[in-house]
Amino acid sequence: RTTLPCEVSGSQPIVVNWILPGAKQVTDPNYQVLPNGLRIHSVAKSDAGRYRCSASNKAGFQDGYITLEVLVPQKLQEPVNRTISGLVDHPLRVECKIEEGKPTPKFEWELNGNPFGSYRNYYTITDSGVFIFNSLKEEDRGVLTCIAKNPAGEARMDLKIVVESLP
């Protein structure tokens with residue numbers, strides 16, 4: 001649950017009205033108008049948006065705006081195949097796709113439980129969830145783990161890397 005603040009002062013009586021995004025009504029039991037704001041009892045993705053607090057009295061009116069961003073834990077898209085094969089001494093591209101998540105997550109990668117260090121010429125990592133072995137080696141076989149993190153949590157996916165060599 002969360003409370004959107006709306007502190008008002010001025011000559012009484014003051015009437016406060018809330019305008020909600022998506023044509024929602026304050027009369028919905030999920031919303032409660034408080035003397036100093038609006039409480040949302042059970043926050044959902046659909047509650048994200050711009051809220052308007054409008055205060056009025058006989059002297060006029062004043063509007064205040066609050067944007068509510070709802071954090072959504074990321075969910076990783078299931079790949080067609082969790083086993084990925086590549087040829088030794090060739091590049092291998094692995095992609096970790098997000099189905100949902102807000103804000104957009106940051107990606108980390110591990111091979112056989114070990115985080116990748118700073119050997120940037122050995123691999124390439126993009127902000128969009130792509131991992132590229134620039135030149136696949138025998139020691140790259142094993143479990144490659146994609147880790148997507150945002151303030152709402154983290155999601156992990158294990159992919160099996162198979163290294164093949166020419167006869």
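At 43% relative accessibility, Asn-112 is partly exposed, a class between buried, under 20% relative accessible area, and exposed, over 50% (1.4 Å probe, protein chains only). Asn-112 sits in the loop between β11 and β12 (114-115); strands (E, at least two residues), like helices (H or I, at least four), are DSSP runs numbered from the N terminus. Its phi is near 55 degrees, a positive value in a residue other than glycine.

This is a predicted model, in which local features need pLDDT of at least 70 and side-chain atom pairs count only at pLDDT 80 or more, while totals for chains, interfaces and linings use all residues. Residues are numbered from 1 along each chain as its sequence is written, and side-chain values use heavy atoms, without hydrogens and water.

Now the interior. A nonpolar core is a set of buried Ala, Val, Leu, Ile, Met, Phe, Trp, Tyr and Cys residues joined through side-chain atoms within 4.5 Å. The largest one has 21 residues, and Val-94, Trp-109, Phe-116, Phe-133, Leu-144 and Ile-161 touch the most other members. Two or more residues come from each of β9 (92-95), β11 (106-111), β14 (130-133), β15 (142-150) and β16 (153-164). β16 gives the most, with 5 residues. Apart from this core lies another, of 12 residues, including Leu-4 and Ile-66.

Finally, the backbone. Most residues other than glycine have a negative phi, and most peptide bonds are trans. The bond joining Gln-12 and Pro-13 is cis, with omega about 0 degrees. The bond from Lys-102 to Pro-103 is cis, with omega near -5 degrees.
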